[in-house]
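Please keep the sequence and the structure at hand while reading.

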Amino acid sequence: MSEILVNKLTGTSTAGSILVTGEGNSTTTNLQQGLVKVWFNYNGSGTIAYRDSFNCASLTDNATGDHSVNFTSSMTSDDYSSAGIVGNGNNADTANSQMRRGTSATGSIRLTINYASGGETGLFDYSEITGNINGDLA
Amino acid sequence: MALGKIKADTLEHSTAGSVDTQYVVNGSAKSWVNFNGSGTVAIRDSYNVSSLADSDVGIYTLSWSNSFANDDYSSAGASGQNSNAMVTVSCAIDTTAPTTSASLYNTNYENGSGGRFDSNQVTIQVLGDLA
């Protein structure tokens, strides 16, 4: 098995672009574009706190079900792609707990956490909130 | 300068640990997108997306620049709306089955009667095997 010991990978033609051969052994995918730039797992109930994260700085509790995740290294724009799931802590509505994307900035993303049940919706501080972000780092 | 090429099974950082390169290949998102699904739909930013089609109210078709090896890829997404009236907006895979080159997604709201809705903030990420 071959092994490379390295702290930094840099493209030769373009520093921020390295191609990786895909699983089918023909098409290539861009390493930098495909890497998740931010991920987080935090407790949004009570005093909100990260359990684990990558490229996350502080966590802001704006209001019930309204949190901001602040990045250590910013993105180039606020047009990044985000996804996440939430749950646990609201037995009546865990079947339809949702993360909504709020105001985004290059250095943070604001998340609105909701439940929905029988036509009723509301903001809620779930204890399990996880998400990740793909996009371009600054 | 000629392009360099490295073949390796493991990458190791001096302090942050090592990773088997299969995680780099399999663990990298093969596509991601941020688009406005309201009005004239438009991609704000994306990777490996060739087109976005407005297939119906709250239904969008994303086509990939490089196809997947099969239609069993994983999609994750979120959507939102800059309107307090739409408290809850979700993003789901459409009932139309995904193909290796495209997939349909729905955005919905759940206030009152609920239903499909053209969300102005839709983001989707896709992981799987490229062709």
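The model shown here is predicted. In these terms, the order of elements in chain A from the N terminus is β-β-β-α-β-β-β-β-β-β-β-β-β, that is, one helix and 12 strands. Chain A has a radius of gyration of 18 Å, whereas the globule rule gives 14 Å for 138 residues, so chain A is more spread out than a compact globule. The C-alpha trace of chain A spans about 55 × 30 × 30 Å along its principal axes. Buried residues make up 32% of the 138 residues of chain A. Among contacts in chain A with a separation of 6 or more, 51% are between residues 24 or more positions apart.

One part of chain A to look at is the pair β4(A) and β5(A). Strand β4 of chain A covers residues 38-43 and pairs with β5(A) in the antiparallel sense, over five bridges. Within this pair, A:Trp39 stands opposite A:Phe54 of β5(A). The two strands form a hairpin with five residues between them, and A:Gly46 in the turn has a positive phi of about 70°. How many of the six residues of strand β5 of chain A are buried? The count is zero, and β5(A), residues 49-54, is hardly covered.

Strand β1 of chain A takes part in a sheet that includes strands of chain B. Three strands form this open sheet in the order β1(A)-β1(B)-β2(B), and the pairing is mixed. Its edge strands are β1 of chain A and β2 of chain B (17-20), each of which pairs on one side only. From one strand to the next, the twist averages 15°. The mixed pairing can be followed strand by strand. β1 of chain A (residues 3-5) and β1(B) run parallel and are joined by three bridges, whereas β1(B) and β2(B) pair in the antiparallel sense over four bridges.

Another open sheet is made of four strands of chain B, in the order β4-β3-β11-β7, with antiparallel pairing. In this sheet β4 and β7 of chain B are at the edges with a single partner strand each, so one side of each has no neighbour in the sheet. Neighbouring strands here are turned by 10° against each other on average, direction ignored. β7(B) and β11(B) run antiparallel and are joined by seven bridges; B:Ser79 stands opposite B:Val122 of β11(B).

The contacts between the chains involve 47 residues of chain B and 39 residues of chain A. On the chain B side, the elements that give two or more residues include β1 (10-13), α1 (21-27), β3 (31-36) and β7 (74-80). Which element gives the largest share of that side? It is β7(B), with five residues. By class, the side of chain B that touches chain A has 19 nonpolar, 20 polar and eight charged residues.

Last come the confidence values. Chain B has an average pLDDT of 85, and 85% of the residues score at least 70. For the complex, the predictor gives an ipTM of 0.77 and a pTM of 0.84.

Note on methods
Residues numbered from 1 in each chain as written. Chains lettered and ligands numbered in written order. Predicted model: local features only at pLDDT ≥ 70, side-chain atom pairs only at ≥ 80, totals over all residues. Contact = placed C-beta atoms within 7 Å. Nonpolar A, V, L, I, M, F, W, Y, C, P; charged D, E, K, R; others polar. Pairing = 2+ DSSP bridges. Axes fitted to C-alpha atoms, helices over the stretch in contact; angles between N-to-C directions. pLDDT = per-residue confidence, 0-100. Buried ≥ 20, exposed ≤ 12 C-beta atoms within 10 Å, placed from the backbone. Rg over C-alpha atoms; globule rule 2.2 N^0.38 Å.
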